[in-house]
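Student: Please take a close look at the aromatic rings in this model. Cover the charges over rings, then the ring pairs.

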Amino acid sequence: MEYVRCSLCGKDNFKYYAVRTKQGYPGTIKVQCKDCDLIYTNPRMTTNELKDFYKNYYDKLAMDEIGFKNSVLKAKELNRDAIIDIQFYRKNILNYKESGKYLEIGGGLGFQAWIAQELGFDVFVTEYDPSSVIFAKENFNLNKYSLGDLEDIKYPDNTFDFISAWHCIEHVQDMEIFLEEVFRILKPGGVFYFATPNLGSYLYRAHRFLKLCTFSIPIIVDGIEHTYGLSPKTAKLLCEKFGFEILVIHTFGQSKRKCAPPDLGTSTLMKDMKNLILGTSKRSTLIVKVLNHFLGSKLSAHVRKPEDQ
């Protein structure tokens with residue numbers, strides 16, 4: 001483990017935000033910068049610790065318990081006929097780029113990259129976990145997989161038209177190195193798209209407030225292995241710091257997509273909120289789902305590398 005400063009403002013002035021330890025995961029403490037509000041893990045895992053942790057990621061603990069691999073294969077079959085979720089992907093990919101070189105960072109089991117390939121892109125993928133690479137090649141016919149850190153792969157300058165980090169940006173070890181590398185390998189005019197838990201959401205804020213009101217230590221519910229926690233404010237400031245033009249940042253709740261793999265992070269938040277407020281009745285489940293939909297527990301961003309870069 002290593003102690004770090006804030007990746008946004010560079011200062012070492014923080015307050016404790018949340019903590020949680022779980023068998024098989026590192027003891028995790030999240031802090032929030034008092035100067036710019038960025039939430040990050042401190043201390044954080046070193047590069048070697050991170051690589052060891054992500055080996056066989058989808059075969060252990062919560063991912064294994066919910067059968068995530070089977071869910072991904074089911075989502076693939078549901079999407080096979082004319083891509084049922086085409087409106088979602090048209091909005092988030094085709095509205096910005098209709099073709100070209102596409103990079104999926106942290107491609108995991110390959111579902112998102114497969115969709116891009118079905119839409120006609122020349123798809124490249126990076127991933128930490130060797131077993132995920134094998135799974136994606138066998139089940140999604142994705143052959144341009146690179147194992148390891150994005151910056152270690154060393155793609156040429158100005159290579160990609162569209163780069164996606166779908167629920168990956170919160171996992172990166174060093175946000176500064178990561179965003180500098182994305183900017184370098186993106187073509188001028190190219191688009192970087194990411195989605196992540198929105199820790200600025202009133203739902204996350206309410207959860208933390210209720211914990212404090214009950215004299216409980218706020219626990220991490222967005223993902224115990226997440227290195228960063230973003231809000232619309234900090235996402236905007238980070239992207240602008242590294243030279244990107246902001247196209248759109250918006251928040252949204254529980255996905256309505258029937259053909260997508262399960263959202264583990266949001267499910268954890270909703271379960272704990274339900275128990276905190278209302279117990280375990282069916283009515284409480286419905287109320288928390290409605291709150292999640294309107295209070296935007298996730299955010300996504302489309303940003304662009306300026307044409308003159």
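Tutor: K305 lies over the face of F183, at 5.0 Å from the ring centre. The charged end of R205 sits over the ring of Y202, 5.2 Å from its centre. A charge sits over a ring if NZ of Lys or CZ of Arg is within 6 Å of the ring centre and within 35 degrees of the ring normal.

This is a predicted model: local features need pLDDT of at least 70, side-chain atom pairs count only at pLDDT 80 or more, and totals for chains, interfaces and linings use all residues. Residues are numbered from 1 along each chain as its sequence is written, and side-chain values use heavy atoms, with hydrogens and water left out.

Now the ring pairs. Rings of Phe, Tyr and Trp (its six-membered ring) pair if their centres lie within 6.5 Å; planes under 30 degrees apart count as stacked, over 60 as edge-to-face and the rest as tilted. By this rule there are 17 aromatic pairs. Y155 and F160 have ring centres 5.0 Å apart and planes at 90°, so they are edge-to-face. Both Y155 and F160 are buried (under 20% relative accessible area; exposed is over 50%, partly exposed in between; 1.4 Å probe, protein chains only).

F162 and Y193 have ring centres 6.2 Å apart and planes at 55°, so this pair is tilted. The pair links distant parts of the chain: F162 is in strand β7 (residues 160–166) and Y193 in strand β8 (residues 186–197), 31 residues apart. Strands are DSSP runs (E, at least two residues), numbered from the N terminus. F162 is buried at 0% relative accessibility, and Y193 is buried at 1%. Ring pairs link F162 and Y193 with Y102, F121 and W166 into a cluster.

Methods: Helix = DSSP H or I, 4+ residues; strand = E, 2+ residues; numbered from the N terminus.
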